[in-house]
Amino acid sequence: MQKLIDIANRAVADYGFRQTVLYGAEDIAQRAGFSQQEQEILAATVLEFLAALPIPVQPDDIPGEQQRMEAAIKAVARG
């Protein structure tokens, strides 16, 4: 799950990488070797969160958005 969180956090901070995740989620999941659960979280929770972020996320807001993303991922993973 940590690899998914790391990718999501990078996507919050880096708009170009965010576009890669948004439009290439299946490739990223495959290359990262995600479990089925991680793939589902990426395809639903992470993509929805990233799509709702402002362009760009202001530098002062990045840590807070990353914390929100991590909390959302962990909440979904716990069920």
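## Q39 and its surroundings

Q39 touches A29 and F34, leaving out residues up to four places away in sequence. This is a predicted model. Q39 is found in helix α4. Its relative accessibility is 32%, so Q39 counts as partly exposed. D61 is 22 residues from Q39 in sequence, and their C-alpha atoms are 26 Å apart in space.

T45 is also found in helix α4. At 18% relative accessibility, T45 counts as buried; the cut-off for that class is under 20%. Neighbours within four places in sequence aside, T45 is in contact with E40, A72 and V76. E40 also has a C-alpha distance to report: G64 lies 24 residues from E40 in sequence and 24 Å from it in space.

## The nonpolar core

The largest nonpolar core has 24 residues. Within it, V21, L42, V46, L50, M69 and I73 touch the most other members. Five helices each supply at least two residues of this core: α1 (2-13), α2 (15-23), α3 (25-32), α4 (36-52) and α5. As a general background, nonpolar side chains tend to be buried together in soluble globular proteins.

What is V21 in contact with, leaving aside its neighbours within four places in sequence? The list is I7, A11, I28, L42, L47 and L50. Of these, L42 and L50 are also among the core residues that touch the most other members.

## Helix α3: two faces

Which residues of α3 are buried? They are A25, I28, A29 and A32. These residues cover an arc of only 100° around the axis, so they sit on the same side of α3. They pack against α1, α2 and α4. I28 is one of the contacts of V21, and A29 is touched by Q39.

The face of α3 turned away from the buried side carries exposed residues. These are E26, Q30 and R31. G33 follows α3 and has a positive phi, near 70°.

How many salt bridges does a search of the whole structure find? It finds two. Side chains of opposite charge can pair when their charged atoms come close.

One joins E65 and R68, with the closest N and O atoms 2.5 Å apart. Both residues belong to helix α5 (residues 62-78). They are three residues apart, so about one helical turn separates them. E65 is buried, with a relative accessible area of 15%. R68 is partly exposed, at 49%; the exposed class begins over 50%.

The other joins the side chains of E70 and K74, at 2.8 Å from N to O. E70 and K74 lie four residues apart in helix α5, about one turn of the helix. Both count as partly exposed: E70 has 24% relative accessibility and K74 has 36%.

G64 is found in helix α5 too. It is partly exposed, with a relative accessible area of 34%.

Is the peptide bond from I55 to P56 cis or trans? It is cis, with omega near -15°. Most peptide bonds are trans. P56 lies in the loop between α4 and α5.

D60 has its place in the loop between α4 and α5 as well. At 75% relative accessibility, D60 counts as exposed. Along the chain, A71 is eleven residues from D60. Their C-alpha atoms are separated by 19 Å.

## Aromatic rings

How many aromatic pairs does the structure hold? The number is zero. R10 lies over the face of F17, at 4.0 Å from the ring centre.

Definitions and conventions: Residues are numbered from 1 along each chain as its sequence is written. This is a predicted model: local features need pLDDT of at least 70, side-chain atom pairs count only at pLDDT 80 or more; totals for chains, interfaces and linings use all residues. Side-chain values use heavy atoms; hydrogens and water are left out. A salt bridge is a side-chain nitrogen of Lys or Arg within 4 Å of a carboxyl oxygen of Asp or Glu. Buried means under 20% relative accessible area, exposed over 50%, partly exposed in between (1.4 Å probe, protein chains only). A nonpolar core is a set of buried Ala, Val, Leu, Ile, Met, Phe, Trp, Tyr and Cys residues joined through side-chain atoms within 4.5 Å. Contact means heavy atoms within 4.5 Å. The arc is that of the directions from the helix axis to the C-beta atoms. Rings of Phe, Tyr and Trp (its six-membered ring) pair if their centres lie within 6.5 Å; planes under 30 degrees apart count as stacked, over 60 as edge-to-face and the rest as tilted. A charge sits over a ring if NZ of Lys or CZ of Arg is within 6 Å of the ring centre and within 35 degrees of the ring normal.
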